[in-house]
Amino acid sequence: MSELILEMKNITKTFSGVKALDNVNLKVKKGTIHALVGENGAGKSTLMNILSGVYDYNSYTGDIVYEEQICKFTKILDSESKGIVIIHQELALIQELTIGENMFLGNEQGFKFAINWNRTYSEADKYLKTVGLSESSRTKVYDISVGKQQMVEIAKALAKRAKLLILDEPTSSLNEQDSQALLDLLLEFKKQGMTCIIITHKLNEVSYVSDEITIIRDGKTIETLNNELHDCSEDKIISGMVGRELSDRFPKRVNHIISDEYALEVENWNVSHPVYTSRKVVDNVSFNLKKGEVVGFSGLMGAGRTELAMSLFGKSYGTAISGTLKLNGQEKKINTIRQAIKAGLAYVTEDRKGNGLILTNSIKTNTTLANLADVSTCSVINSSKEISVAQEYVSKMHTKCHSTEQLVGNLSGGNQQKVLLSKWIFSDPDILILDEPTRGIDVGAKYEIYTIINQLVAEGKSVIMISSELPEVLGMSDRIYVMNEGKIVSEFTQSEATQEGIMSAILKSKH
């Protein structure tokens, strides 16, 4: 049996009188990859924040035993000094700084008051090479893709001499190709003796990289499964996570498409980059969406899907936007987000923290933000009605919270996503554009969201779903458009579509 590098004993953590963790136990063997799984709000991130010193040891009960020593961390620097490094779900890079500056921020190379920049960049380049990046460390972070930014975070952790690397939803923002590269890198680190703890909702990743899997439900440890003994099928993991069998990943839906009625028609749509205006990010795109239909958009990172969606939603992205947009057969000029909402469009952004929610405001405020008219009288908000609406959506979406007055920033990522969806569903749109709607959400919560999508189309509404998860696109879409390099390169009906067919369409269209 491998030697333990970490044992967390009887960890209990309370927020405002509510137990987030209740006597949780975790054992991690040295040189292994240990997966931590559970529903949103189960306590996974809270447990890792305790381990990494985000929460002071005085704020919880229980013991952290790391390399056979009891540790009492008061801040992140304490855990990092021991070789415990956490990479959070939301990347912590400063876009305007170079890769090298980001990698050694707070860990500067040189003497007091004198940074050795040559050493900084040479060391950064060395670690970038280790994670397989060819970019210069002098490159600005905003000039590289999200997938490469995730690799920079790992390089940054290596520069801190990490012995135990914690990754919270590391692939939630990545396409399948970048996700695979990251997982293979973790397996390589394992060969070199590094220990990793990975939090993820993607069960295929769990089975691919992990040696052991600990399931947490409602703040309690349910069980630890050994992947090497093949006793952890996806069905078994799901049952442990949600406390029940989940026979189908996607709810069955009756076809509600009105074949001769188009909710949306887009013709010859072009969009240029907002800064590099000579570069087209959406190139002569034409597509349609019928009433009662779910249309999926698939493609690799940077294919132009998000840029297309945002440009349609009140021209909230891009320059030199041209083309024709029709709603219910009538051509419309929609130049602002206000006009888009009024026309019956809603856009659920992939960036919930940056563009979707006001983290310092309550669930109640965020839920009604896009449709204040429905909770107001003579432009004065009716607080009772606002609370009632928020409570209704908390119940409908099964959002885990103390009350609707809780700040959204204090919710788990998955519960934040539910609030974001609530906000736009409450605006009562005819067309709902969902950009990565289940990013960072567990399988049980995904099923709930899929059910809500089905309810929306049953009411005659129409949905555009952008997703980097091919099983999700295939499982929920009536038709699928495939984008690459700003163009639609293929279209599939539900019966025609396969993962192989979609990937083949992308690869064949590459220049």
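A: Let's start with a term: a crossing is right-handed if the near helix is turned clockwise from the far one by less than a right angle, and left-handed if anticlockwise. The model is predicted, so local features need pLDDT of at least 70 and side-chain atom pairs count only at 80 or more, while totals for chains, interfaces and linings use all residues. Residues are numbered from 1 along each chain as its sequence is written, and side-chain values use heavy atoms, without hydrogens and water.

Our part is helix H14, residues 413-426. Helices (H or I, at least four residues) and strands (E, at least two) are DSSP runs, numbered from the N terminus.

The crossing of H13 and H14 is right-handed. From H13, Val389, Tyr393 and Met397 make the contact, and from H14 it is Lys418, Leu421, Ser422, Ile425 and Phe426; contact means heavy atoms within 4.5 Å. By class, this contact has 6 nonpolar residues, 1 polar and 1 charged. Here Ala, Val, Leu, Ile, Met, Phe, Trp, Tyr, Cys and Pro count as nonpolar, Asp, Glu, Lys and Arg as charged, and the others, Gly among them, as polar.

Now turn to helix H15, residues 443-458, which packs with H14 at an angle of about 10°, the axes being 12 Å apart. H14 and H15 are therefore roughly parallel to each other. Lys418, Leu421 and Ile425 of H14 meet Ala445, Glu448, Ile449, Ile452 and Leu456 of H15. That contact holds 6 nonpolar residues, no polar ones and 2 charged. Notice that Lys418, Leu421 and Ile425 of H14 also take part in the contact with H13.

On a 1 Å grid over the protein atoms alone, a pocket is an open set of points where a 1.4 Å probe fits, with protein on both sides within 12 Å along at least five of seven lines, and lining residues have an atom within 4 Å of a point. Of the 38 lining residues, Gly41, Thr46, Asn410, Leu411 and Ser412 are the closest to the centre. Along with H14, the elements giving two or more residues to this lining are strand S2 (18-29), helix H1 (44-51) and helix H11 (352-356). The lining divides into 8 nonpolar, 21 polar and 9 charged residues.

Definitions and conventions
Axes fitted to C-alpha atoms, helices over the stretch in contact; angles between N-to-C directions. Parallel < 35°, antiparallel > 145°, perpendicular 65-115°, else oblique.
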